[in-house]
Amino acid sequence: MSKSIDHVLEESRLFEPPAAFVKNAAIKDRATYDRLYQESIEDPEGFWGRMAEELHWFRKWDRVLNEDHPPFYKWFEGGTTNISYNCLDRHLDSWRKNKAAIIWEGEPGDQRILTYQELHRQVCRCANVLRELGVEQGTRVAIYMPMVPELAIAMLACARIGAIHSIIFGGFSANAIVDRVHDASVEAVITADGGWRRGSVLPLKAAVDEALERCPTVKNVLVVKRTENEVAMVEGRDHWWHERMAKVSDDYPAAELDAEAPLYILYTSGSTGKPKGILHSTGGYMVGTYLTSKYIFDLKEEDTYWCTADIGWVTGHSYIIYGILANGATTVMYEGAPNHPHTGRFWEMVDRYKVTVFYTAPTAIRAFAKWGDDVPAKYDLGSLRLLGTVGEPINPEAWMWYHKHIGREGCPIVDTWWQTETGGIMITTLPGAMPAKPGSAGLPFFGVKPAIVTEDGEEVETGGSGLLVIQCPWPSMLRTLYGDDQRFREVYWSKFEKQGWYLTGDGAYFDKNGYCMIIGRIDDVINVSGHRLGTMEIESALVSSPLVAEAAVVGFPHDVKGQGICAFVTLAAGAQPSETDTETLREHVAKEIGAIAKPDIIRFTDALPKTRSGKIMRRLLRDVAAGSDSKQDTTTLEDESILNKLRAET
Ligand code: WT7
């Protein structure tokens, strides 16, 4: 990347929070934010210690932050707690025991409401079942499920025992399960017969069966009956959830876990190599997700909060389950597609449950806009008071559409920047304390110290763009990459080792209001519908097909997905592309990784543009894919005619 990243956008509209919102907001003005922020930076231990006291600890910590061995920071050392206890038991000795914890709706329209007491009982039962299956503190458990309440129950049960869950998005393929199971030596898998998606059954158990042929570490599989499709049950290995749950006690005391005990692993793509197993730990993650939920979503006792993400992504971990239940709020969970059976499904649900806080992704917002203004116009939406977005930079037009057609110009919007690695929201506006600005994430949350720096670590002046780094540790930060401390150091800390800064991998700048504008990734990672995919992984998937000799994958601007996937492919041994090759290869990638990684465009070429040393010049291909005229330096290119030919075909 060059010294500064170009940006052209300068947005000047500011949207002040409505007076009615401010009146009841947890943080009502900029001065309060400034004071708390200042304190959190000057005295992080005092600040975080005080905040952590709002939660339950079996034993109080000796030290809030241990910085003795960076980048291996420890939070709340000496303290013991349990996040499942804080999400459940903590609410049982008040009237909240009969409050809805989860309001769930299946795609076919079936509904379930679990109160805090009922959820607690189910989680205890599940913990007992898992213990019977040999799961203990530290055991790795993979969860590959549709968005059903049992998914929430399973993760909270693991957390209750101290077992480490590794949730695998239900849209991933059998191969993705194999990689993740191997990487963490998973011993038990929790899955379902299937899940509903656009009216058909996603055959999850079949994918698990296929994967487990190659996974000898897995001893037990617990299977939820959801879709009633025919599944094979392997004697001695597979167990029906409903049968086991019926036979155990609904009491299981939460384990007293060290604050630093691992909570979960969640895999995310990097620019090179296999997916990275982001490891989060108990105490810091709990405090971080609790506090961000409380202030950013401004959670009130009466709120009905709905985050439309899948729990298979970090957004679902932190802001459907852990942070929200730790606050004793009501969380809505939906199983299916947003346009099934019609494009008004989400708005119908907002009205049905009187949702007050709604959190979704820019890609979804662009799809809603595309489906037409008349769709949300048919609904009341009067219950909504706060909107949020996450996953990628939101274009100001999409922001304005959300503000106007969903928020009806009366709801603040929080544009929340964070990552799987950060565990919780890092940069956003606080909804009652400051104006929002379309396309801009906003100001750092408490305890977060962001900066924009050059490759050499010099701070860039306000307005200039560069690398976004975080200059101090924060409680919900990742602790390492599972089983790979070396890669953890290399990827996030080696570039600014001297300074001890965390490298986010994003380019950004601060605008004249001091708000942080995120430009996007600076590495070979593409952001498809708010989900990170490594170009390398897709290339490996393509090359694993016997048809393909070589492949280069780049992102290009896509009006709904944010970025689309364009693959440049050379076929094996001089073969000429046939009409069916494109579809064959797209299906091949879907099988290797999952449908989300299917290339939108495949372009066959006789050769790829390379440097004289043989490196594929992806930055040139990015321009070709975007159809933009390149002003890039091509002097290191070995054979310019290849590029010229590709450009001419565009
Ligand atoms: C990357 C992290 C965090 C949950 C969802 C994605 C991009 C995320 C924003 C935002 C601009 C954003 C960044 C980041 N990103 N939120 N509000 N504005 N960009 O998690 O898969 O770990 O991806 O998503 O590029 O680094 P993830």
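Which residues do ring pairs link into a cluster? In this predicted model, the cluster is made of Tyr-33, Tyr-37, Phe-47, Trp-48, Tyr-295, Phe-445 and Phe-446.

## Basis of the description

The model is a predicted one, in which local features need pLDDT of at least 70 and side-chain atom pairs count only at pLDDT 80 or more, whereas totals for chains, interfaces and linings use all residues. Residues are numbered from 1 along each chain as its sequence is written, and side-chain values use heavy atoms, with hydrogens and water left out.

## Aromatic pairs

The structure holds 40 aromatic pairs, where rings of Phe, Tyr and Trp (its six-membered ring) pair if their centres lie within 6.5 Å, and where planes under 30 degrees apart count as stacked, over 60 as edge-to-face and the rest as tilted. One of them joins Tyr-264 and Tyr-285, whose ring centres are 5.2 Å apart and whose planes stand at 90 degrees, so the pair is edge-to-face. Tyr-264 belongs to strand β14 (residues 262-268) and Tyr-285 to helix α10 (residues 282-296), so that the pair links distant parts of the chain, 21 residues apart; helices (H or I, at least four residues) and strands (E, at least two) are DSSP runs, numbered from the N terminus. Tyr-264 counts as buried at 0% relative accessibility, and Tyr-285 is buried with a relative accessible area of 1%, where buried means under 20% relative accessible area, exposed over 50% and partly exposed in between (1.4 Å probe, protein chains only).

Trp-306 and Phe-358 also form an edge-to-face pair, with 5.4 Å from centre to centre and 75 degrees between the planes. Because Trp-306 lies in strand β16 (residues 304-307) and Phe-358 in strand β18, this pair ties together parts that are 52 residues apart in sequence. Both Trp-306 and Phe-358 are buried.

## The ligand and its shell

The ligand is surrounded by 18 residues, and the closest are Asp-415, Thr-416, Thr-420, Asp-506 and Arg-532; a residue is near a molecule if one of its heavy atoms lies within 4 Å of it. The residues of this shell divide into six nonpolar, seven polar and five charged, on a scheme in which Ala, Val, Leu, Ile, Met, Phe, Trp, Tyr, Cys and Pro count as nonpolar, Asp, Glu, Lys and Arg as charged, and the others, Gly among them, as polar. At least two residues of the shell come from each of α11 (314-326), β20 (413-416) and β27 (516-521).

Several polar contacts (pairs of N or O atoms within 3.5 Å) can be described atom by atom. A polar side-chain atom of Asp-415 lies 2.7 Å from a nitrogen atom of the ligand, a backbone N or O atom of Thr-416 is 2.8 Å from a nitrogen atom of the ligand, and a polar backbone atom of Pro-393 is 3.3 Å from a ligand nitrogen atom. The ligand taken alone exposes 560 Å², of which the protein buries 96%, with accessible areas from the Shrake-Rupley method and a 1.4 Å probe.

## An enclosed helix

Helix α13 (residues 362-371) has seven of its 10 residues buried, so it is largely enclosed by the rest of the structure. The buried residues in α13 are Pro-362, Thr-363, Ala-364, Ile-365, Arg-366, Ala-367 and Phe-368. Their cover includes α12 (345-353), β18 (357-360), β19 (386-390), α15 (396-406) and β31 (562-571). After α13 comes Gly-372, with a positive phi near 115 degrees.

## Leaving aside neighbours within four places in sequence, Thr-429 is in contact (heavy atoms within 4.5 Å) with residues including Ile-413, Val-414, Met-434, Leu-443 and Tyr-515.

Glu-539 lies in helix α17 (residues 535-543) and is buried, with a relative accessible area of 7%. Not counting residues up to four places away in sequence, Glu-539 touches Ala-551, Ala-552, Val-553 and Arg-618, and the C-alpha atoms of Glu-539 and Ala-552, 13 residues apart along the chain, are separated by 6.0 Å.

## Backbone features in loops

The peptide bond from Pro-70 to Pro-71 is cis, with omega near 0 degrees, and Pro-71 is found in the loop between β1 (63-66) and β2 (74-77). Another cis peptide bond joins His-340 and Pro-341, with omega about 0 degrees, and Pro-341 lies in the loop between β17 (330-334) and α12.

Arg-198, a residue other than glycine, has a positive phi near 50 degrees; Arg-198 sits in the loop between β9 (195-197) and β10 (200-202) and counts as partly exposed at 47% relative accessibility. Glu-409 is not a glycine either, yet has a positive phi of about 60 degrees; Glu-409 is placed in the loop between α15 and β20 and counts as exposed at 53% relative accessibility.

Terms used: A polar contact is a pair of N or O atoms within 3.5 Å; within protein, one must be able to donate a hydrogen and the other to accept it, and residues adjacent in sequence count only if both atoms are side-chain atoms.
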